[in-house]
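Trainee: Could we go through this model together? I would like to start with the packing of a helix.

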Amino acid sequence: MPFLFLFLLASLSLFAEPQRIVSTVPGLTEILFELGLGERTVGVSDYCRYPAAAVGKPKVGSFLQPNLEAITALRPDLVLIIKNPVRLKQRLEAIGLRVEELDLETLPGILSAIDRLGVETNRRARAAALRANLEKRLAAVQAKVKQRRRVTFLVGRTPQRLEGMVAVGPKSYLDELMRLSGGDNIFADSPAMYPKVSIEQLLARDPEVIFEMGDSVHEGMEQGKYREDVLSVWAKMPMLKAVRGKKVFPLNDNIYVVPGPRFADAAERFYEMLHGGSGK
Amino acid sequence: MSRYWSVLGASILISIAALLICPLIGPTPLDFSKIFTEGSLEAQIFWLARLPRVLLALLAGGALASAGVLFQALMRDALATPDTLGVSSGASLGAVVAICFGWADSARLGGLWTASLLGAGIVLMIVVGLSSSGRNVSSFTLLLAGITINSMCVAIMLFLQSVTSLGRSLAITRWLMGGVDAVEYRTLGLLSLFVLPAAVVLIWRSQHWNLLAVGEGWASAKGLDTRSSLRLGYAAGSILAGSVTAITGPIGFAGLIVPHALRMLIGPDHRLLLPTSFLLGGAFLAVCDAIGRTVFAPAELPVGVITALLGGPFFLWVLTSRATIKN
């Protein structure tokens with residue numbers, strides 16, 4: 001009798017396993033694929049570019065501007081969203097959908113989102129393995145850090161000019177990752193999470209390393225051309241330590257801007273750019 | 001005439017004071033004795049970051065304020081601003097198109113600025129075309145046409161922003177926030193090639209705007225060729241607004257409050273109002289930007305935030321105290 005009960009319980013949990021999942025955020029899509037749920041992912045956000053298998057999936061807008069009609073039409077049994085200011089959970093639940101709201105804003109948030117998805121989709125073991133692997137890689141990067149370097153990460157600027165720059169400030173996910181990789185964010189004291197900064201601040205705080213994603217219009221441009229373009233803009237400021245030391249790194253890979261399970265890749269590359277040598 | 005020279009002299013002094021003092025204000029404390037020491041941090045910050053920025057603010061604020069004065073006179077509408085004719089939105093649209101289609105991607109072309117000026121120019125031609133067409137187009141019609149052009153430009157910008165890639169849409173959002181930043185001296189040189197001649201023409205023809213501000217009938221009765229004067233006025237004002245917007249992005253409010261505050265303080269005579277607006281509009285924007293780059297350092301506030309928050313209450317105070325005097 002207890003066996004029958006256990007059997008029933010097990011099959012119930014199998015039935016409860018979501019079969020048609022919609023993800024409205026790139027980071028959550030990446031977690032789903034990492035947990036081996038790519039096949040069951042029936043809809044992704046407009047901004048999901050990774051892994052390649054996610055690109056061809058039906059698009060449902062984004063968590064800020066979801067296409068509710070497209071989501072409903074996919075008949076999902078689980079919709080994944082992140083914390084948002086547009087009351088998305090209530091809106092989706094109002095049309096009878098099961099919604100899971102997760103937090104990807106910080107590293108602990110990403111790790112617990114992995115746990116939670118493992119539970120929700122009955123992939124506990126895979127989730128635990130993924131989490132352990134990420135934690136191990138992060139700890140390895142941290143253990144390697146021998147010295148600290150002053151760094152800034154630019155996420156915005158006027159195309160082709162060192163004007164209208166926007167940097168990564170404190171409390172953000174990238175700030176956390178840079179710190180773990182041995183970088184001291186020169187704008188850690190900013191009152192804004194993503195402060196608008198000017199060349200004056202860069203001259204005064206003179207970072208040793210600059211991570212450059214400011215020219216966002218170059219999205220998808222060929223890497224060599226992109227590097228050349230960005231570096232030519234910085235060549236006008238040879239008085240900056242990072243420019244003199246050839247430590248301006250033009251980046252245009254979305255691992256840096258998608259909070260998700262590839263954060264360990266980002267940390268390893270941060271380490272390599274900050275200190276040289278391998279981050280792995 | 002002595003009042004004329006004392007008011008103008010005071011404006012020149014205030015403007016020079018802004019030019020001398022504003023570069024000294026900023027988030028980084030500077031040892032000013034080292035400003036002329038080559039290679040020192042003080043010199044780099046002063047010459048590369050602060051001075052160009054203050055010069056841009058002086059030019060931009062002056063251009064926007066004097067364009068505001070002019071448009072208010074030509075349209076005889078208190079709410080007319082440099083944006084009213086749609087020239088600023090034309091400039092913004094040009095920039096947005098450039099970002100969208102990648103004309104801004106090449107370092108050599110300066111595509112953003114060219115496209116922006118082109119956008120302002122196209123709107124300007126529509127406006128001047130309307131104002132000089134065979135039929136007698138009233139300033140009211142022009143005002144409505146400007147509002148329509150504005151809405152159309154905004155609609156196209158929103159459309160482009162929603163179909164372009166995430167990266168480009170971010171670049172557009174940043175550009176539309178507007179603001180004064182440390183530009184290259186070459187950019188300043190180019191901007192002054194547009195702004196200074198246009199401002200000189202405006203001030204030169206002040207008497208014409210005095211006549212037109214009363215009414216076109218009155219002006220032509222006084223022997224003024226109203227059509228060519230209007231055309232000149234709209235062209236010069238649009239060049240001022242368009243070329244500035246091409247560099248700074250949209251900056252609201254400066255073109256509205258500076259002209260009105262000055263009109264209340266020194267009177268409506270354009271011979272005095274135009275030069276003082278140019279001088280004090282510039283000083284006002286330079287001071288606002290000095291505040292914007294300092295209060296939340298190392299983060300900066302777009303200058304539009306300060307112009308509205310600081311200028312707004314002052315403008316309300318001028319409005320109400322003026323009303324009290326009248327009563």
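Trainee: Against which helices do the buried residues of helix 1 of chain B pack?

Mentor: In this predicted model, they pack against helix 2 (41-75) and helix 12 (270-294) of chain B.

Trainee: And which residues of helix 1 of chain B are the buried ones?

Mentor: They are B:Ser11, B:Ser15 and B:Ala18. Looking down the axis of helix 1 of chain B, one finds these buried residues within an arc of 55 degrees, so they line one face of the helix.

Trainee: Which exposed residues sit on the face of helix 1 of chain B turned away from the buried side?

Mentor: That face carries B:Ser2, B:Trp5, B:Ser6, B:Gly9, B:Leu13, B:Ile16 and B:Leu20.

Trainee: How far does helix 1 of chain B reach from its first C-alpha to its last?

Mentor: Its 20 residues, 2-21, reach 28 Å, close to the 28 Å expected at 1.5 Å a residue.

Trainee: Now the four-stranded open sheet in chain A. What is its strand order?

Mentor: The order is 2-1-3-4, with parallel pairing. Strand 2 (41-43) and strand 4 (99-102) of chain A are the edge strands, each pairing on one side only. On average, neighbouring strands of this sheet are turned by 35 degrees against each other, direction ignored.

Trainee: How many bridges join strand 1 of chain A to strand 2 of chain A?

Mentor: Two bridges join strand 1 (residues 21-23) of chain A to strand 2 of chain A, and the two strands run parallel. A:Ile21 stands opposite A:Thr41 in strand 2 of chain A.

Trainee: Which strands does helix 2 of chain A touch?

Mentor: Helix 2 (residues 26-34) of chain A packs on the sheet and touches strand 1, strand 2, strand 3 (78-82) and strand 4 of chain A. The direction of this helix makes about 140 degrees with that of strand 1 of chain A.

Trainee: Let us turn to backbone geometry. Is the peptide bond from A:Tyr50 to A:Pro51 cis or trans?

Mentor: That bond is cis, with omega near -10 degrees. A:Pro51 is placed in the loop between strand 2 and helix 3 (52-55) of chain A. In chain B, the peptide bond from B:Ala297 to B:Pro298 is cis, with omega near 5 degrees, and B:Pro298 lies in the loop between helix 12 and helix 13 of chain B.

Trainee: Why does B:Ala297 count as partly exposed?

Mentor: B:Ala297 counts as partly exposed because it has 19 C-beta neighbours inside 10 Å, whereas a buried residue needs 20 or more.

Trainee: What about phi of A:Arg87 and of A:Lys171?

Mentor: Most residues other than glycine have a negative phi. Phi of A:Arg87 is positive, near 50 degrees, and phi of A:Lys171 is positive, near 70 degrees. A:Arg87 lies in the loop between strand 3 and helix 5 (88-94) of chain A and is exposed, with 9 other C-beta atoms within 10 Å. A:Lys171 is in the loop between strand 6 (165-167) and helix 8 (173-180) of chain A; A:Lys171 is partly exposed, with 13 other C-beta atoms within 10 Å.

Note on methods
Residues are numbered from 1 along each chain as its sequence is written. Chains are lettered from A and ligands numbered from 1 in the order in which they are written. This is a predicted model: local features need pLDDT of at least 70, side-chain atom pairs count only at pLDDT 80 or more; totals for chains, interfaces and linings use all residues. The expected span of a helix is 1.5 Å times one less than its number of residues. A residue is buried if 20 or more other C-beta atoms lie within 10 Å of its own, exposed if 12 or fewer, and partly exposed in between; C-beta atoms are placed from the backbone. The arc is that of the directions from the helix axis to the C-beta atoms. Two residues are in contact if their C-beta atoms, placed from the backbone, lie within 7 Å. Two strands pair if DSSP finds at least two bridges between them. Axes are lines fitted to C-alpha atoms, for helices over the stretch in contact, and angles run from 0 to 180 degrees between N-to-C directions.
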